[in-house]
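Trainee: I would like to work through this structure with you. Can we go step by step?

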Amino acid sequence: MPHLFIDYAAGLEAYLDMGAFCAALRDALAGTGVFSPDGIRVRAHRADHAVIADGAEPYGYIDMILRIGAGREAALRERVAEEIYAAAEREVAAHCAALPVMLSLEVQEIAARFSVKRLNTVRSRIDARGGR
Amino acid sequence: MPHLFIDYAAGLEAYLDMGAFCAALRDALAGTGVFSPDGIRVRAHRADHAVIADGAEPYGYIDMILRIGAGREAALRERVAEEIYAAAEREVAAHCAALPVMLSLEVQEIAARFSVKRLNTVRSRIDARGGR
Amino acid sequence: MPHLFIDYAAGLEAYLDMGAFCAALRDALAGTGVFSPDGIRVRAHRADHAVIADGAEPYGYIDMILRIGAGREAALRERVAEEIYAAAEREVAAHCAALPVMLSLEVQEIAARFSVKRLNTVRSRIDARGGR
C-alpha cells in the first residue's frame, strides 16, 4: 500500500500528460512521509465512455480512490487526502484551463485481516540496485 | 457526486451502444431527484479480459458501483438502487436478448471527511451557458 | 457474486497470458466451494498509465479486489482470500521471474440491502445446456 486508482475522461489526454500526472501523484504520496515508497502503486484507467453532469459537452473528470492500510488516525487520513488532492489540483489547474473538469478524491481503508500482499519482487529489485 | 462506475464485458458492444447506456443512466440519476445534476459522473470501462460463470462462453456482464455521499436514509438508498438498476435493466432487456448477461449494481457511501472535491469548473461552464 | 476485479500493469502482458490468469482465478473461486459457479465474474483491466514504487522502472503489479456477499464468517473470508491469492501467486511465480511484480488482494463485502442483481440470463443459458 498505498493504492491510488485514477479513473479519467479520455478528453483529458489532449491537455494533461497522464503519465506525468501519475508521477506527480507518486511523488506526492512519497512526500507525505506516511508511506513506504516501495509500496506505492499509482495507476490511471481511461474510461471508454462517459456522460458527465448535463451531458451537453464531453466534460473532463478525474476521480481518484486512494486505498491505505486501516488503523491510521482520522486527522492523518485527512492530511493525506488534502496533500494528494492539492498535488492533483495543481496539475489540472496548470494544464486544463480550456477544459471544464471535475476533480475528486476519496480515501478508503484496507482491513489487514482480509487482504494479502506477500509477493513483492519490486522491493528486492530496488534493494539489489541499492536504491532504497 | 454521484459517481457511477460501470465495468462491462467487451462482447456487449455488439449489442448495446455503451455511450447511449451511460446517457440513459445519467438521466435515471437526474430523474431520482436526489442528486444535483451537475455532480453526476457516469463512466464505463470495458474489461480487457473476463471469465464469467462456467467460462464456457464469452457471456456478457455489466457490474455497476454507485458511490454517493454518506448520510442519506437507508430507504432512500434502496429506492435509488432500484431506479438505477431498473433503467439499466430496460436497456439490457431491449438490446441483449441474444447474449446471456449478468447485471449487477451496488450502492456505496462516500464519507465526506475523507473525500475532497473542490475543483469543479464544469459547474461554472454550465452557469455561463445559463444551463442550470 | 462473487466479483473479482483485477487491475494490472500493461507490461505484465509480455509474461503472463491474462486470459489464462482470469481462468485460473475463476477455477480457484469455484474450487473454494463457497460460491455458486454461475455467479462468478472475473475480469481484468489493464492500466493505461502507472507509476509504481520509486518509478525507476516499469515494474509490474496486479491488484485484485474480490467483492462477496456480506454475512460470511471472518475465518471463511480469510480462507477465501488465501486460496485466491495463492492461485494468483502460483501464476505470477511461474511466469514473471524476469519482471519485478507486486501482487495484492483485498476482500470486500457487498451489503445485500444496497445491491440489486436480478437480471441473470447466464444461469438459464447454462441450465438450457444442462451444464449446471
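Mentor: Start with a definition: the expected span of a helix is 1.5 Å times one less than its number of residues. Keep in mind that this is a predicted model.

Trainee: How far apart are the end C-alpha atoms of helix α2 of chain B?

Mentor: Helix α2 of chain B covers residues 74–95, which is 22 residues. At 1.5 Å a residue, the helix should span 32 Å. The value found agrees: the end C-alpha atoms are 32 Å apart.

Trainee: What covers the buried residues of α2(B)?

Mentor: Buried means under 20% relative accessible area. Among the buried residues of α2(B) are Val80(B), Ala81(B), Ile84(B), Ala88(B) and Val92(B). An α-helix has 3.6 residues a turn, so residues three or four places apart point the same way. The cover includes β1, α1, β4 and β5 of chain B together with β6 of chain C.

Trainee: Which strands stand at the edges of the open sheet?

Mentor: The sheet has 6 strands with mixed pairing, in the order β6(B)-β5(A)-β4(A)-β1(A)-β2(A)-β3(C). Each edge strand has a single partner, so one side of each is left without a neighbour in the sheet. The edge strands are β6 (115–116) of chain B and β3 (49–52) of chain C.

Trainee: At about what angle does the direction of helix α2 of chain A meet that of β5(A)?

Mentor: Helix α2 of chain A packs on the sheet. It touches β1, β4 and β5 of chain A together with β6 of chain B. The angle between the direction of α2 and that of β5(A) is about 150°.

Trainee: Which residue stands opposite Tyr8(A) in β4(A)?

Mentor: Strand β1 (residues 3–8) and strand β4 (residues 60–69) of chain A run antiparallel. They are joined by 6 bridges. Opposite Tyr8(A) stands Ile62(A).

Trainee: What kind of rotation axis relates chain A and chain C?

Mentor: Chain A can be laid on chain C by a turn of 120°, with a shift of 0.0 Å along the axis. The RMSD is 0.0 Å. The two copies are thus related as by a rotation axis that is three-fold.

Trainee: What share of the contact residues of chain A recur in chain C?

Mentor: The copies use different surfaces. The share that recurs is 9%.

Trainee: Which residue of chain A comes closest to the rotation axis?

Mentor: Take the C-alpha distance to the axis, which is 4.7 Å for this residue. The residue is His45(A).

Trainee: How far from Cys96(A) is the nearest cysteine sulfur?

Mentor: A disulfide needs sulfur atoms within 2.5 Å. The whole structure has 0 disulfides over all chains. For Cys96(A), the nearest cysteine sulfur is that of Cys22(A), at 14 Å.

Trainee: Is Cys96(A) buried or exposed?

Mentor: Cys96(A) is found in the loop between α2 and β5 of chain A. Its contacts include Leu12(A), Tyr15(A), Leu16(A) and Val101(A). At 5% relative accessibility, Cys96(A) counts as buried.

Trainee: What is the phi of Ala53(B)?

Mentor: Ala53(B) is found in the loop between β3 and β4 of chain B. Ala53(B) is buried, with a relative accessible area of 0%. Although Ala53(B) is not a glycine, its phi is positive, at about 55°.

Terms used: Residues numbered from 1 in each chain as written. Chains lettered and ligands numbered in written order. Predicted model: local features only at pLDDT ≥ 70, side-chain atom pairs only at ≥ 80, totals over all residues. Heavy atoms only, no water. Pairing = 2+ DSSP bridges. Helix = DSSP H or I, 4+ residues; strand = E, 2+ residues; numbered from the N terminus. Contact = heavy atoms within 4.5 Å. Axes fitted to C-alpha atoms, helices over the stretch in contact; angles between N-to-C directions. Least-squares fit on C-alpha atoms with pLDDT ≥ 70 in both. Buried < 20%, exposed > 50% of the residue type's maximum accessible area, 1.4 Å probe, protein only.
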